[in-house]
Amino acid sequence: MEKQEQQKVSRLVFVLIPFQGHINPMLQLATILYAKGFSITIIHPQFNFPNSSNHPEFTFIPISDNLPKREVSAGDLFGIVSALNKNCEGPLTECIKEMLKAEDPHDRISCIVYDSTMCFSQSVADHLKLPGICVRTSPAATMLAFAVFPRLHEQGYISFLESMSLDRVSDLPSLMLKELAASMKKITTDGMLELGAAVADSVKKCSALIVNTVDFLEQEAITKVQELFSASAFTIGPFHKLLPTISSSLLKEDTNCISWLNKQAPKSVIYVSFGSIASIDEKELLETAWGLANCEQPFLWVVRPGLVCGSNCLELLPINFQDSVGERGCIVEWAPQKEVLANDAVGGFWSHCGWNSTLESICEGVPMLCKPFFGDQNINMRYVCDVWNVGLELEDFEGGTIKKAIKRLMVDTEGKEMRKKAIHLKEKVELSLKEGDSCYNSLNDLVKKILSF
Ligand code: UDX
């Protein structure tokens, strides 16, 4: 995208939540809006901070997060998110107050653009009389849960979810009810309910909502979100397709796998990655290894340090594993994923269905083998398998099941049909980004909205 030559008059203050799957889309959005002429400040907690040298055009400011060591070392996501929401409000307020004091009249703060999970940022915006823009980095469908679950809880629905007719939850698209029920059963503490209600509240109060999605991918959910939250929602497309590839990886990307991919036959490789957070146990790691060893397809497998809790994982693989698969298998600790998915050798993606991975896969026309772990990943799998029909579900982590599922996806007729649909979906996404189409128009409307503040 061409950077517009215009005087910088508006500064956008981004507030990040420090997880890879959120840092990526937020920095992509910041880059898109920078190219539209806004100047950018990135405020981030000290934990997991992004590499500022990848973005010399932005100003980065760390704020204190006081994260409890116990939650961090246990990888307790809910504990970390709750602590960030409790501990960062004061430091964020002070930080922006200082920025306002030192403000250059030609470079004024226009608004605070925050990750929806850092929902306290809306209170900070209200307090400082600045507009707040909430960014949902997961699909719009996940916001429906926030909209309805405090009400469901009040009405006592949660405890009856399994026995009652789910038809009564008429606010939600029918497809999502099973996943919603499953995720709601995991909302077991008052703290979780409070956080969900706080997210819903911030979305109701924000001046605009940006969702990393495309209208046609989840039209029903987007319409519902607009109704339930009365929010002006901007669906500007998969953020990563609106700009040249940038890396915001917290781990070092191993680019050797690209030369390995370049030697493989077209559409022959199954790429395997479970994102930055999901973890498996040692037995599941070994079953995955033997499933891949026996599947007869070339494979590229991301074995991230910590994929098995507390281990660097590679040491857990059998000593003869690499020998037994030889050149057919390539294992890396972290891959340049967007480049991998765009490589012609990749014919399938076994994924945990994080929303970024899902969008990146459909944008390259790569069909998916889905094994979700938690949260939105279950909803994302439903989209992939039942709505867009570009993937299939892996039932369990058992070597034989893995081998069969990979064959279905990569070799069998049903997999070939999915690949055709995936390519069609990729083309539809590309069309939506073109001048005059939904994402293009939505981005222009967003820029106008920000300029109106
Ligand atoms: C988290 C949640 O787990 C997910 O459910 C939610 O939708 C987003 O936040 P994560 O599990 O890390 O994200 O998955 P995902 O959303 O797929 O994001 C991972 C990102 O890391 C992607 O942008 C992917 O391209 C990148 N990645 C992953 C790499 O660059 N290299 C890798 O080897 C693996």
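Colleague: Which helix does valine 72 lie in?

Modeller: Valine 72 sits in helix 2, residues 69-74. Keep in mind that this is a predicted model.

Colleague: Why is valine 72 called partly exposed?

Modeller: Valine 72 has 15 C-beta neighbours inside 10 Å. Buried needs 20 or more, and exposed needs 12 or fewer. The value falls in between, so valine 72 counts as partly exposed.

Colleague: What does valine 72 touch, leaving out residues up to four places away in sequence?

Modeller: Phe47, Leu67 and Ile80. The contact rule asks for C-beta atoms within 7 Å. The C-alpha atoms of valine 72 and phenylalanine 47 are separated by 9.1 Å. Along the chain, these two are 25 residues apart.

Colleague: Which residues of helix 12 are buried?

Modeller: Thr288, Ala289, Gly291, Leu292 and Ala293. Each is called buried because 20 or more other C-beta atoms lie within 10 Å of its own.

Colleague: What covers the buried residues of helix 12?

Modeller: The cover includes strand 8 (269-273), strand 9 (299-302) and strand 10 (329-332). Helix 13 (321-325) and helix 17 (399-410) are also among the covering elements.

Colleague: What comes just after helix 12?

Modeller: Glutamate 296, with a positive phi of about 70°.

Colleague: Which domains does the assignment give?

Modeller: Domain 1 covers 9-247 + 435-451, and domain 2 covers 256-411. Their contact takes 22 residues from domain 1 and 21 residues from domain 2.

Colleague: Which helix gives the most to the side of domain 1 that touches domain 2?

Modeller: Helix 1, with four residues. Helix 1 (20-35), helix 6 (141-154) and helix 8 (177-185) each supply at least two. By class, that side of domain 1 divides into nine nonpolar, ten polar and three charged residues.

Colleague: Why do you say the ligand shell lies between the domains?

Modeller: Domain 1 and domain 2 both give residues to the shell around the ligand, so it lies between them.

Colleague: Which residues come nearest to the ligand?

Modeller: Of the 25 residues around the ligand, Gly21, Gly275, Gln337, Gly354 and Ser357 come nearest. Two or more shell residues come from each of helix 1, helix 14 (337-342), helix 15 (355-363) and helix 16 (376-387).

Colleague: How many residues of the ligand shell are polar?

Modeller: The shell has 15 polar residues, along with seven nonpolar and three charged.

Colleague: Which residues touch the most other members of the largest nonpolar core?

Modeller: Phe14, Leu209, Ile210 and Leu300, in a core of 121 residues. Helix 1 gives the most to this core, with seven residues.

Colleague: What is isoleucine 210 in contact with, leaving aside neighbours within four places in sequence?

Modeller: Leu29, Ile133, Val135, Phe234, Ile236 and Leu446.

Colleague: And the chain as a whole: how many helices and strands does the protein chain have?

Modeller: It has 19 helices and 13 strands. Of its 453 residues, 44% count as buried. Among contacts with a separation of 6 or more, 72% join residues 24 or more positions apart.

Terms used. Residues numbered from 1 in each chain as written. Predicted model: local features only at pLDDT ≥ 70, side-chain atom pairs only at ≥ 80, totals over all residues. Domains from an automatic or database assignment. Contact = placed C-beta atoms within 7 Å. Nonpolar A, V, L, I, M, F, W, Y, C, P; charged D, E, K, R; others polar. Near = placed C-beta within 6 Å. Core = buried A, V, L, I, M, F, W, Y, C linked by C-beta atoms within 7 Å.
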